[in-house]
Amino acid sequence: MVAPNYQITMRSGPTPGKTYPFEVEEAHLGRDLANDITVSDPEISRRHARFFMRDESIFLEDLGSTNGTFLNGERVTSPQQLRSGDVITFGEHVVMVFERTAFDVESTVVAGQAPLVDEDMTPESQVYQPVQEKEPYSESLPVAEKVEVLPKEKPAKPVKAKKGKLPAWLVVLLVAIVVLTCVIAVTLYFMPASWWCAITFNALEGCPLP
């Protein structure tokens with residue numbers, strides 16, 4: 001008795017070459033770790049799609065993902081039956097290939113080996129080959145963002161006061177004194193004689209004026 005065996009292999013995405021066998025009747029694919037098939041890619045929705053078995057065939061269904069699921073280039077809008085060699089694209093960058101193999105469940109299986117049978121081979125040419133153990137799947141860790149290091153600013157040099165120049169406030173004070181002196185001198189020069197007598201309390205010669 002020959003029983004079918006299904007699997008999908010990632011062609012491009014976070015882990016190219018990674019194979020996911022279907023060991024249950026229903027498997028969910030998405031970015032969330034709770035899915036049966038976890039794909040760590042920003043274009044994959046938390047619950048992106050599901051695979052389910054019906055009458056010994058595998059069907060693919062999109063679960064309302066943001067970036068869509070495509071089967072052989074066509075967007076999946078309803079459950080689609082998968083055939084060996086079908087290319088499944090999730091979003092834009094994650095591409096997987098659906099594969100179907102078969103094995104004889106009645107044959108004696110050597111420990112650590114499983115019989116692989118090609119559907120196109122005749123019973124006389126079927127050869128049993130050992131199954132390679134698959135490495136445990138691990139999510140790719142995000143690449144640390146580059147941190148731009150800014151150059152250190154050089155401390156500002158103290159501004160030294162130039163020698164030989166007077167401070168601004170002293171210049172203003174000197175100008176004010178000169179102006180005030182000129183005003184007083186002009187006032188005294190043109191002041192009437194009666195004012196001089198009044199200022200000196202008639203002590204000057206000729207005071208008081210007649």
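Predicted model: local features only at pLDDT ≥ 70, side-chain atom pairs only at ≥ 80, totals over all residues.

Me: Which strand pairs with S3, and over how many bridges?
Reply: Residues are numbered from 1 along each chain as its sequence is written, and side-chain values use heavy atoms, leaving out hydrogens and water. Strands are DSSP runs of E with at least two residues, numbered from the N terminus, and two of them pair if DSSP finds at least two bridges between them. S3 (residues 26-30) runs antiparallel to its partner, S5 (residues 49-54), over four bridges.

Me: Which residue in S6 is the bridge partner of Arg 50?
Reply: Arg 50 lies in S5, where it is the bridge partner of His 28. S5 is also joined by six bridges to the antiparallel strand S6 (residues 57-62). There, the partner of Arg 50 is Glu 61.

Me: Which residue in the turn of the S5 and S6 hairpin has a positive phi?
Reply: Two residues sit between these strands in the hairpin. The one with a positive phi, of about 55°, is Asp 55.

Me: Is Ile 177 buried, partly exposed or exposed?
Reply: Ile 177 is found in H1 (residues 168-190), a helix, meaning a DSSP run of H or I with at least four residues. Buried means under 20% relative accessible area and exposed over 50%, with partly exposed in between (1.4 Å probe, protein chains only). At 45%, Ile 177 is therefore partly exposed.
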